Amino acid sequence: MAKQYVSWGRYPHKQQEGFDFSWRNQQLPKDANFLPQGNARSYGDSCMNHDGVVVSARKLNHFIHYNQDAGVIRCEAGVMLSQILDLVEPHGWFLPVTPGTKFATIGGALANDVHGKNHHVAGTFGCHVTQFEIMRSDGARMICSSQENADYFAATIGGLGLTGFIVWVELKLKRVENSAVNVENIKYGSLSDFFLLSEESAADFEYTVAWVDCLAKGGQVGRGHFSRANHARNQVKPSKPKMALSVPIDPPLSLINSLTLKAFNSLYYNRQKEERAYSAVHYDPFFYPLDGIKNWNRVYGPKGFLQYQCVVSPEHGESAIREILGRIAAANRGSFLAVLKLFGDVPSPGLLSFPRPGATLALDFPFEGEKTLRLFDQLDEVVHQADGAIYPAKDAHMSGVHFKQYYPKVEEFKQFIDPAITSSFWSRVMEEK
Amino acid sequence: MKNWVILGATSAIAEEVMRLWASRGYKLFLVARNQDKMDIIKEDLSVRGAMQVETFVMDANEITKHISLLEEADKRLGHVDGVFVAHGTLPDQKACEKSYEAAYQEIHTNALSVISLLTEVANRFESRGHGDIAVISSVAGDRGRQSNYVYGAAKALLSTYLQGLRNRLVKSNVHVLTIKPGFVDTPMTADFDKGALWASTEQVATGIVNAVDKKRNEAYLPGFWWAIMFIIKHVPEFIFKKLSM
Ligand SMILES: Cc1cc2nc3c(=O)[nH]c(=O)nc-3n(C[C@H](O)[C@H](O)[C@H](O)COP(=O)(O)OP(=O)(O)OC[C@H]3O[C@@H](n4cnc5c(N)ncnc54)[C@H](O)[C@@H]3O)c2cc1C
Ligand SMILES: NC(=O)c1ccc[n+]([C@@H]2O[C@H](COP(=O)([O-])OP(=O)(O)OC[C@H]3O[C@@H](n4cnc5c(N)ncnc54)[C@H](OP(=O)(O)O)[C@@H]3O)[C@@H](O)[C@H]2O)c1
């Protein structure tokens, strides 16, 4: 039973007790220390509460209201982004911001103030939330918007589930003409090229992101594929691919090791012969390539894996990313998927939102005990020197000292925390001196 | 377009079935014990495209209301094309071993209440010459086991009843579907450890909607349960009685 409440990275791999909150007129548990949870697609321990229970919103998944003309949808917090897309996309509406998985719930997307490949133009998810309701552990319900309870609005967006149980969310959708995306994929040779391409593409492309070969060394550090895209206009509909692949069992050990990584990274880098390739694809494989493989997190074996996602300030961008990639390559601890993107300067609405101007890099690492943790220590130091931050949604490691530096509004945030709510992440970063 | 009456409309499996029907623009008449839950479901189904959603509060064991329920559905929907029965309870087997009253109550909820309703539905559909009847039974009805034979017996009663009904109504163009789910992750089974054999409500609902569309007689869901139950049904009784199942 407990297993189904474990976070996506399956590290820390501990049992977690939980129960389902399925009806919005229901009450929260009495006299318990709890944490709201969505679909547990966060990697580390921010959606876990090992000393208490999690209250899962996964089955709290009813739509409430849909204004098809205005493109405004109100639904319960456990509705997954995939369910919203299935409903609204045929009517020419789309998620204004989407993370790389459509299996996140709308409540989880709000509580982590998630970002997507369009951050440089659209800002974070929270920028498009018009209002929501939270329920506090004393049973009080509060509707929050930029007008009403504006302080709780700002605290709950990116608030890591700590300010109350999000019951429903109302979101402003964005118009699209059809389900295709026009993608241009550019193979580039160095980190400086990435920054040039990002600058050059920002105005004309709604979506930009790069995949980086994180085992490249020397002058090739940062080489990869830069993908930039826009929703297509007036085109035939590409058919929607079915979810076909699955990792049906738990392999006894991680299938990801330095050998498979090296092969993957160089194959992936060289998969495209030409420097530029153009294609029109259905939105699903473009936004959610990993969702096509069910339970892909299992390939990392029973020890699980960690993701490291940081942002570094624009002043230090290139040098800091170079330093981080260099250290990873030197430690020979590369990642399957290293993703690099330049955030824009649309302000994030949440007190604790992660996105801020600068370059953000995300990499997956199989958990290999101390080796992994010591590498993260080194990376943290670089991030700290570069006035950056680590993303709690992916974290199971950052120190309390760093957290408080990365998130200067933490003291202001504390007054909004519900006294009955806590998380493994929160206890970890608050306990440390 | 179709008009369906759904009993046990607040069941997790029924909800997913109704969502699929709603997206096709069907008209739905929900019957369940809890008005608040039905209000929530009604909004959801309306957003998903249902042409009309009506609610009716009733405990399935109140058999005196069954006729008025069907009359009300006819009145509010215009006419009824199909009846889908999803309500049920998973008994406390130990309690049923101690008390006939408890066992009777479970059999009433899981089988007799359905038979009461279907008696009326069958006669109406038969005289009209069309209609769909879809009922959730269970693989548990295929063979009695010590761990839940009261539930199993109720479902077996239901399955056999439906078989006969199908045989009777085929000439009247009335379709009867027996749905036999295996393990489904729902509130009914919240306390069980979930392993590889468990299915989601979405999976099972898709199977139900397909089986109704294709006018199947019996649907094991997911389909591999047919093979599992084939084996279980064929284990000789002198061995079976010694197994701890
Ligand atoms: C393949 C993959 C790609 C990803 N790509 C991106 C990306 O591009 N950008 C990005 O920003 N993130 C990305 N993520 C991370 C993911 O989008 C976030 O972790 C998201 O918050 C997960 O949503 P969830 O519903 O699974 O929430 P959970 O992981 O269950 O919870 C996340 C947080 O929300 C809180 N929460 C959840 N539901 C509620 C509620 N009802 N009330 C109050 N608090 C609640 C929890 O307490 C927790 O703090 C990715 C994850 C995966 C697996
Ligand atoms: N889950 C499984 O593994 C599984 C396997 C095989 C078959 N089934 C069958 O599938 C059907 C649906 O169950 P489920 O799994 O979806 O579980 P569920 O969500 O718990 O649904 C059971 C439903 O039955 C309703 N109900 C119980 N007693 C009732 C009564 N006297 N009058 C009216 N309604 C009553 C409940 O209503 P309230 O909301 O008012 O409580 C609830 O909506 C049941 O027939 C069950 O036997 C389930």
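Colleague: In this predicted model, how many residues of chain A are in contact with chain B, and how many of chain B with chain A?

Modeller: A contact surface can be read from both sides, and here 15 residues of chain A are in contact with 16 residues of chain B. Between them the two chains bury about 1400 Å², and 53% of that buried area is on carbon and sulfur atoms.

Colleague: How many salt bridges are counted between chain A and chain B?

Modeller: Side chains of opposite charge can pair when their charged atoms come close. Between chain A and chain B the count is 2 salt bridges, one of them formed by A:K59 with B:D185, whose closest N and O atoms are 3.5 Å apart. Polar contacts are counted separately, and there are 5 residue pairs of this kind between the chains, with both residues at pLDDT 80 or more.

Colleague: Which elements of chain A each supply at least two residues of the side that touches chain B?

Modeller: These are β4 (63-67) and α1 (81-88) of chain A, and the largest share, 4 residues, comes from β4(A). By class, the residues on this side of chain A divide into 6 nonpolar, 6 polar and 3 charged.

Colleague: Turning to the ligand, how many residues surround ligand 1, and which are the closest?

Modeller: The shell around ligand 1 holds 35 residues, and the closest are A:P36, A:R41, A:S42, A:T105 and A:Y391. Sorted by class, this shell has 19 nonpolar, 14 polar and 2 charged residues.

Colleague: Which atoms of A:G108, A:N112 and A:H115 lie 2.9 Å from ligand 1?

Modeller: A backbone N or O atom of A:G108 lies 2.9 Å from an oxygen atom of ligand 1, whereas for A:N112 an N or O atom in the side chain is 2.9 Å from a ligand oxygen atom. At A:H115 a backbone N or O atom lies 2.9 Å from a nitrogen atom of ligand 1. On its own ligand 1 has 960 Å² of accessible area, of which the protein covers 96%, and the elements giving two or more residues to its shell are β2 (34-37), α2 (106-111) and β9 (165-172) of chain A.

Colleague: How many salt bridges does a search of the whole structure find?

Modeller: Over all chains the search finds 41 salt bridges, including the one in which the side chains of B:K2 and B:D132 meet at 3.3 Å, N to O. This pair links distant parts of the chain, 130 residues apart, with B:K2 in the segment before β1 (3-7) of chain B and B:D132 in strand β5 (residues 131-136) of chain B.

How values were computed. Residues numbered from 1 in each chain as written. Chains lettered and ligands numbered in written order. Predicted model: local features only at pLDDT ≥ 70, side-chain atom pairs only at ≥ 80, totals over all residues. Heavy atoms only, no water. Contact = heavy atoms within 4.5 Å. Buried area = accessible area lost by both parts, 1.4 Å probe. Salt bridge = Lys/Arg side-chain N within 4 Å of Asp/Glu carboxyl O. Polar contact = N/O pair within 3.5 Å; in protein donor to acceptor, adjacent residues only side chain to side chain. Nonpolar A, V, L, I, M, F, W, Y, C, P; charged D, E, K, R; others polar. Near = heavy atom within 4 Å. Areas by Shrake-Rupley, 256 points an atom, 1.4 Å probe, with all protein chains shown as cover.
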